[in-house]
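Look at the model first, then read on.

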Amino acid sequence: MASNVEAPDRWYLALLGFAEHFRTSSPPKIRLCVHCLQAVFQFKPPQKIEARTHLQLGSVLYHHTKNSELARSHLEKAWYISQQLSQFEDVKFEAASILSELFCQQNLVDSAKPLLRKAIQISQQTPYWHCRLLFQLAQLHTLEKDLVSACDLLGVGAEYARVVGSEYTRALFLLSKGMLLLMERKLGEVHPLLTLCGTIVENWQGNPIQKESLRVFFLVLQVTHYLDAGQVKSVKPCLKQLQQCIQTISTLHDDEILPTNPADLFHWLPKEHMCVLVYLVTVMHSMQAGYLEKAQKYTDKALMQLEKLKMLDCSPILSTFQVILLEHIIMCRLVTGHKATALQEISQVCQLCQQSPRLFTNHAAQLHTLLGLYCISVNCMDNAEAQFTTALRLTTHQELWTYIVTNLASVYIREGNRHQELYSLLERINPDHNFPVSSHCLRAAAFYIRGLLSFFQGRYNEAKRFLRETLKMSNAEDLNRLTACSLVLLGHIFYVLGNHRESNNMVVPAMQLASKIPDMSVQLWSSALLKDLNKALGNNIDAHEAAQMHQNFSQQLLQDHIAACSLPEHNLISWTDGPPPVQIQAQNGPTTSLASLL
């Protein structure tokens, strides 16, 4: 709250000192701080002091109280008075910035936009504020899902930063634009932009922490681009660079020397946030690759760090990181046979979404998708269908849409009597032509679903063709879980055809891979096949060992199944509309069939 007013009277400095003392007390004494600032007006101060005091009052009321109307009144007065004064940019543009934030909080976006546009128009001689206001308006358009307008503004910002000699902030604008282009799936525009960003980042010589943070931003975009494309193996060099980069940043001390160019006074994310983000993309990679124990390890580290950060920082991005981490670890739990834990974590995501309507809007489709996957794991196929249908209604994201449709198709295949709906879905995710997304992983999964359907229909040669295609694609990018599923299904086909040797050649590596992941369902399936195969081959000792393994897996899954269905959170499977339920009532024991597990 320090003031730069010309020749201030002592009464003003005294009141300002008292106000700051009360604001920074522990705990803050906001009421007394406000009283001190309001007292300034009793002295009929000059316009510069009046405008600055309105800004200080508006800021304190906005950040520390729920009195948004009074905060708005003071900020509007600060903005109005400061526009009539020359050389008063800090007050003028800070008032515009905070006032537009307040408008957004009150869902008055149509009031925030013209205010920011006016401030941007008159701030061109003030590089720091011009860049900051451009970022703010671009963010507002992004929250409204108007990514075209946001990209245009970021492009304007990049060109302005170049003109005022700030290559650092130019890179920030361009990387932000690259992030939005990735969200829009405009891959043709992303590649040249990322190439340009890479050159700017490498050539920029400045504060080491700022340089490394640009590299982290650049590499995070590259890694997520690969992961969106399902290229788990190809991404490894980039991911390794990113992990090395974050280690370098953690050893650097924050440099107190401020940049000489005011347009450089930005940073992308705090070091601690970047660290969590790198854990997060590592978890995403481990999940796609099927290294589930590694995913668990990095999730635990990231969640511990998040808990510490959230004690000191209420930034909404931390809750977003937490939700995405939980979404990934829930999928891991379902694969590794920990359904009860997964269900409790789904409930945790619901609670986080209850606290933030925006978080729920952005993650509702994923939440229903996770519930659909849980329903499949406990054999509640009607509920799974309802959850996936709800998720499809809520998403516009093509990759997520394709993932949901693939899982819904697997539900229809298991039900066996949904031919019309199934063929309608499969037409939309045909991996042989016009596949809706560029994801290598999802296209490989679509071949697997075709193979599964052909197997259930007894068209074994066709099933083998589809599954060999899945294997070829999953081996190319180290998609371990798809590889294990394809091997065990091929083994089952060869077993049915009486080719026991070939079946054994498939099932043994499937079992080894499933144990490494570990994937409980594939281990259950593989051990059942190994038991029957060894009996057929006369290997009684091996058959007995496989039977014992099958019994152990069955018992583990059965106990987990009962534990999950007994939880009050199990009732979430019936929720398909509106915000997450606040209260989850307990029910009397499991009501689902266990046949699929035995």
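## Helix 20 and its two sides

Helix 20 has a face turned away from its buried side, and that face carries the exposed residues Gln 420 and Glu 427. The buried residues of helix 20, which spans residues 419–428, are Leu 422, Leu 425 and Leu 426. Seen down the helix axis, these buried residues fall within an arc of 95 degrees, so they line one face of helix 20.

What lies over that buried side? The cover over the buried residues of helix 20 includes helix 19 (398–415) and helix 21 (440–456).

## The chain as a whole

This is a predicted model. The chain holds 26 helices and zero strands. Its C-alpha trace spans about 100 × 55 × 45 Å along the principal axes.

The chain has 598 residues, and 53% of them count as buried.

## Helix 15 against helix 17

Two helices can be followed side by side here. Helix 15 covers residues 316–336 and helix 17 covers residues 357–377. They pack at an angle of about 10 degrees, with their axes 10 Å apart. Angles under 35 degrees count as roughly parallel, and helix 15 and helix 17 are therefore roughly parallel to each other.

Which residues meet? From helix 15 come Ser 319, Thr 320, Val 323, Ile 324, Glu 327, Ile 330, Met 331 and Leu 334. From helix 17 come Leu 359, His 363, Gln 366, Leu 370, Leu 373, Tyr 374 and Ser 377. The residues of this contact between helix 15 and helix 17 divide into nine nonpolar, five polar and one charged.

Helix 25 runs over residues 520–536, and Ser 526 lies in it. Is Ser 526 buried or exposed? Ser 526 is buried, with a relative accessible area of 0%. Leaving aside neighbours within four places in sequence, Ser 526 is in contact with Val 488, Val 507, Ala 510 and Met 511.

Asn 534 also has its place in helix 25. Asn 534 is buried, with a relative accessible area of 7%. Not counting residues up to four places away in sequence, Asn 534 touches Asn 539, Asp 542 and Ala 543.

## Cysteines without disulfides

How many disulfides does a search of the whole structure find? The search finds zero. A disulfide is a covalent bond between the sulfur atoms of two cysteines. The cut-off for counting a pair is sulfur atoms within 2.5 Å.

Cys 353 shows the reasoning. The closest cysteine sulfur to that of Cys 353 is in Cys 350, 6.9 Å away, which is too far for a bond. Cys 353 counts as buried, at 2% relative accessibility.

Cys 380 is a further case. The closest cysteine sulfur to that of Cys 380 belongs to Cys 375, at 5.7 Å, and that is too far for a bond. Cys 380 is buried, with a relative accessible area of 8%.

## Cis peptide bonds

Where do the cis peptide bonds described here sit? One joins Ser 26 and Pro 27, with omega of about -5 degrees. Pro 27 is found in the loop between helix 1 (10–23) and helix 2 (30–39).

Another cis bond runs from Ile 517 to Pro 518, with omega near -10 degrees. Pro 518 has its place in the loop between helix 24 (500–516) and helix 25.

## Positive phi in two loops

Arg 185 is not a glycine, although its phi is positive, at about 65 degrees. Arg 185 is found in the loop between helix 9 (167–184) and helix 10 (187–203). At 27% relative accessibility, Arg 185 counts as partly exposed.

Asn 434 is a residue other than glycine with a positive phi, near 55 degrees. Asn 434 lies in the loop between helix 20 and helix 21. Asn 434 is exposed, with a relative accessible area of 71%.

Conventions
Residues are numbered from 1 along each chain as its sequence is written. This is a predicted model: local features need pLDDT of at least 70, side-chain atom pairs count only at pLDDT 80 or more; totals for chains, interfaces and linings use all residues. Side-chain values use heavy atoms; hydrogens and water are left out. Buried means under 20% relative accessible area, exposed over 50%, partly exposed in between (1.4 Å probe, protein chains only). Axes are lines fitted to C-alpha atoms, for helices over the stretch in contact, and angles run from 0 to 180 degrees between N-to-C directions. Helices (H or I, at least four residues) and strands (E, at least two) are DSSP runs, numbered from the N terminus. Angles under 35 degrees count as roughly parallel, over 145 as roughly antiparallel, 65 to 115 as roughly perpendicular and the rest as oblique. Contact means heavy atoms within 4.5 Å. Ala, Val, Leu, Ile, Met, Phe, Trp, Tyr, Cys and Pro count as nonpolar, Asp, Glu, Lys and Arg as charged, and the others, Gly among them, as polar. The arc is that of the directions from the helix axis to the C-beta atoms.
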